[in-house]
Amino acid sequence: MLKGKTIVLGITGGIAAYKAADLASKLTQAGAKVEVIMTAAATKFITPLTLRNITHRPVVTDMFELASEWSVEHVALAEAADVVVVAPATANSIARLAAGIADDMLGTVLLATKAPVVIAPAMNDLMYSNKVTQENIKKLKARGFNFIEPEYGRLASGKMGKGRLPDTPKIIEAIEHALGQKRDFEGKTIVVTAGGTREPIDPVRHIGNRSSGKMGYALAEAARDRGAKVTLISANVSLDAPADVTIIKAPTALEMKQAVGEAVKKADVLIMAAAVADYQLEVIAKNKIKKESGRNLTLNLVRTPDILGEVKGHFIRVGFAAESENLVANAKKKLTDKKLDLIIANDITKTDSGFDANTNRVVIINKKGKAEELPLMSKREVADKILDKVKELIK
Ligand code: C5P
């Protein structure tokens, strides 16, 4: 996978910079063309000459250096890259990227490239855990930058802590993963619904459900990363809004129906991961309902519209079926009733799958009734598996 690939390796000024030599060497041995960019501080820890001899390529250390073949058009390197790796990435270099500073070659390439970027932070444990650094990392992750967790171990200070650059094989694994990232939804528009709707009873109370929205948000992020234009119709969640995704708030079933009807007009795919209430109040009380001792309260509930079953238009329809029993049989019935292309049957009987978990255990069932059971995996991995199936249907 590395053979023939152009890997831009950014080295920043941390003690772990010396380990970048091993990384450059292994990547070169694997057949990659490694273009090294060193920040000024990095050259205090390891010499450009070392990297030049390892990669057999000129090493860029200064944007205005005329001898460099890349200096004439500095974005050329950004364009040539199949992947950009920053290893080690100091707290300073991460902060600069988060702020969009581009006054050196590495900063410029990181802003100009369309290639996937892998960042391997390595620093003092206190600097790593500092909220400023963590906020910068969170912001960059939301923008699609890939991060490799630093490891726990002995740091340059002599103390034990989390901040060590992982070993070369681990970094290479992350690079290969980034290189494998597909942009197979370029030009496609995907509408994803997420979270649980809440049906108001009165100005204070509602009927809700346990959906966290994590599966839908993971789908939106995965589709975005694969090049799709994404509209995320979000019911009630407490999750950060993903970057570069259009978010439409739809707290109730009726608002979601309205938002979905509008969004699908330009969509190639609709994925309904939201847990939509099946019933709403027949009448929503204008004022807070007062309790009366010795009396029961009866609420009159009426059916909500079946959004997925009723929405009109030509697009691929994907539904979810959260089930606590007869998983596949119940899901298959919904697939037929709602005339879906795919249904994702979701086992909600275990704590590591379904509501609020970060992992999920699903069965993907297609129109022909073919069921594929997936093992337990992260919701992001499930999202990519679902998109793989959707991609086959688009073809
Ligand atoms: O019928 P059931 O609620 O089990 O079906 C689940 C699927 O249908 C999910 O994809 C859900 O988002 C969707 N749904 C809907 N409108 C409803 C109820 C569920 O679109 N009122």
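Figure 1. A pocket is an open set of points on a 1 Å grid over the protein atoms alone, with protein on both sides within 12 Å along at least five of seven lines. The shell around the ligand has 14 residues, and Met-272, Ala-274, Pro-305, Leu-308 and Lys-334 come nearest; a residue is near if one of its heavy atoms lies within 4 Å of the molecule. Helix 12 (307-310) and strand 16 (316-323) each give the shell at least two residues. Helices (H or I, at least four residues) and strands (E, at least two) are DSSP runs, numbered from the N terminus. By class, the shell holds 8 nonpolar, 2 polar and 4 charged residues. Ala, Val, Leu, Ile, Met, Phe, Trp, Tyr, Cys and Pro count as nonpolar, Asp, Glu, Lys and Arg as charged, and the others, Gly among them, as polar.

Figure 2. A polar contact here is a pair of N or O atoms within 3.5 Å. A polar backbone atom of Met-272 lies 2.7 Å from an oxygen atom of the ligand, and a polar backbone atom of Phe-320 lies 2.9 Å from an oxygen atom of the ligand. At Thr-304, an N or O atom of the side chain is 3.4 Å from a ligand nitrogen atom. On its own the ligand has 440 Å² of accessible area, of which the protein covers 87%; areas come from the Shrake-Rupley method with a 1.4 Å probe.

**Figure 3. The largest pocket.** The largest pocket contains about 1600 Å³ of space. Of its 43 lining residues, Lys-141, Asn-146, Glu-221, Asp-225 and Arg-380 are closest to the centre; lining residues have an atom within 4 Å of a grid point. Grid points are joined across faces, edges and corners, and a volume is the space filled by probe spheres set on them. Elements that supply at least two lining residues each include strand 4 (117-121), helix 8 (131-142) and helix 14 (379-394). Helix 10 gives the largest share, 7 residues. The lining divides into 17 nonpolar, 8 polar and 18 charged residues.

**Figure 4. The largest cavity.** A cavity is a set of grid points where a 1.4 Å probe fits but cannot get out. The model has 1 cavity of 30 Å³ or more, and the largest cavity holds about 40 Å³ of space. Val-86, Ala-89, Ser-93, Ile-94, Leu-97, Leu-110 and Ile-119 form the lining. The lining has 6 nonpolar residues, 1 polar and no charged.

Figure 5. Most residues other than glycine have a negative phi, and most peptide bonds are trans. The bond from Ala-87 to Pro-88 is cis, with omega near -5°, and Pro-88 is part of strand 3. His-56, not a glycine, has a positive phi of about 55°; His-56 is in the loop between helix 3 (48-55) and helix 4 (75-80).

**Notes.** Residues are numbered from 1 along each chain as its sequence is written. In this predicted model, local features need pLDDT of at least 70 and side-chain atom pairs pLDDT 80 or more, totals for chains, interfaces and linings use all residues, and side-chain values use heavy atoms, without hydrogens and water.

Methods:
Polar contact = N/O pair within 3.5 Å; in protein donor to acceptor, adjacent residues only side chain to side chain.
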